[in-house]
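Here are a few exercises to work through with the model open beside you. Have a go at each task before reading its solution.

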Amino acid sequence: MVPLPSEQSVTLRCQFCDRLNQVEVFGSGYQTPCSNCAKPILLDRPVNVSQDDFDQTVLAASIPVLVDFYADWCGPCKMVAPLVDELAREHSGRMLVVKVDTDQAVSISERYAIRSIPTLVLFKEGEEVDRSVGFEPERVRILAEEAVA
Ligand SMILES: [Zn+2]
């Protein structure tokens with residue numbers, strides 16, 4: 001079943017006031033104001049997602065989600081970050097890009113057996129469909145293409 005565009009949405013926590021918002025996804029360049037503080041919720045860049053929000057933000061999203069499992073001390077994670085930013089911008093509205101800090105989100109990292117970082121996992125409708133482990137920019141591009149195919 002393919003949902004109508006107006007039914008495509010993701011649940012995101014406002015980076016300013018922490019309110020969870022149901023954000024409708026209309027395509028690139030669209031900014032939804034937060035229902036609480038009215039600041040824009042931006043989809044054209046990676047969004048940090050905590051362990052508590054992972055299931056409702058990533059697994060319940062009606063568009064594909066590319067998850068970047070990273071840590072602040074990880075050099076290759078920093079190397080792949082500009083590519084992840086670029087893909088978020090390029091596929092804004094069609095794919096959500098999120099970052100999960102593996103030092104904070106320990107149970108999520110265990111659930112998906114993240115053994116080395118960076119690991120990028122593509123989710124569609126709550127299921128993992130593919131992943132890239134280590135610094136593999138070409139693989140990461142392929143994941144993004146699979147997401148929006
Ligand atoms: Zn807000």
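**Exercise 1: A38**

Count the C-beta neighbours of A38 and decide whether this residue is buried or exposed.

Solution. A38 has 10 C-beta neighbours inside 10 Å. The cut-off for exposed is 12 or fewer, so A38 counts as exposed. Keep in mind that you're looking at a predicted model. Finally, check the backbone: phi of A38 is positive, about 70 degrees, although the residue is not a glycine.

**Exercise 2: The loop between α3 and β8**

Go through A113, S116 and P118, which are found in the loop between α3 and β8, and work out what can be said about each.

Solution. Start with A113. Its phi is positive too, about 50 degrees, and again this is not a glycine. With 8 C-beta neighbours inside 10 Å, A113 counts as exposed.

Move on to S116. The loop here runs between α3 (106-111) and β8 (119-124). S116 has 11 C-beta neighbours inside 10 Å, so it also counts as exposed. Leaving out residues up to four places away in sequence, S116 touches V133 and G134. As for F135, it is 19 residues from S116 in sequence and 10 Å away in space, C-alpha to C-alpha.

End with P118. The peptide bond leading from I117 into P118 is cis, with omega near 0 degrees.

**Exercise 3: A helix pair**

Describe how helix α2 packs against helix α4.

Solution. Two packed helices are described by the angle between their axes and the distance between the axes. For α2 (residues 75-90) and α4 (residues 137-148), the angle is about 20 degrees and the axes are 11 Å apart. Since angles under 35 degrees count as roughly parallel, α2 is roughly parallel to α4. The crossing of α2 past α4 is right-handed. Now for the residues: V80, L83 and L87 come from α2, and they meet P137, V140 and A144 of α4. Sorted by class, this contact has six nonpolar residues, no polar ones and no charged ones.

**Exercise 4: The whole chain**

How values were computed: Residues numbered from 1 in each chain as written. Predicted model: local features only at pLDDT ≥ 70, side-chain atom pairs only at ≥ 80, totals over all residues. Axes fitted to C-alpha atoms, helices over the stretch in contact; angles between N-to-C directions. Helix = DSSP H or I, 4+ residues; strand = E, 2+ residues; numbered from the N terminus. Parallel < 35°, antiparallel > 145°, perpendicular 65-115°, else oblique. Left-handed = near helix turned anticlockwise from the far one by under 90°. Contact = placed C-beta atoms within 7 Å. Nonpolar A, V, L, I, M, F, W, Y, C, P; charged D, E, K, R; others polar. Buried ≥ 20, exposed ≤ 12 C-beta atoms within 10 Å, placed from the backbone.
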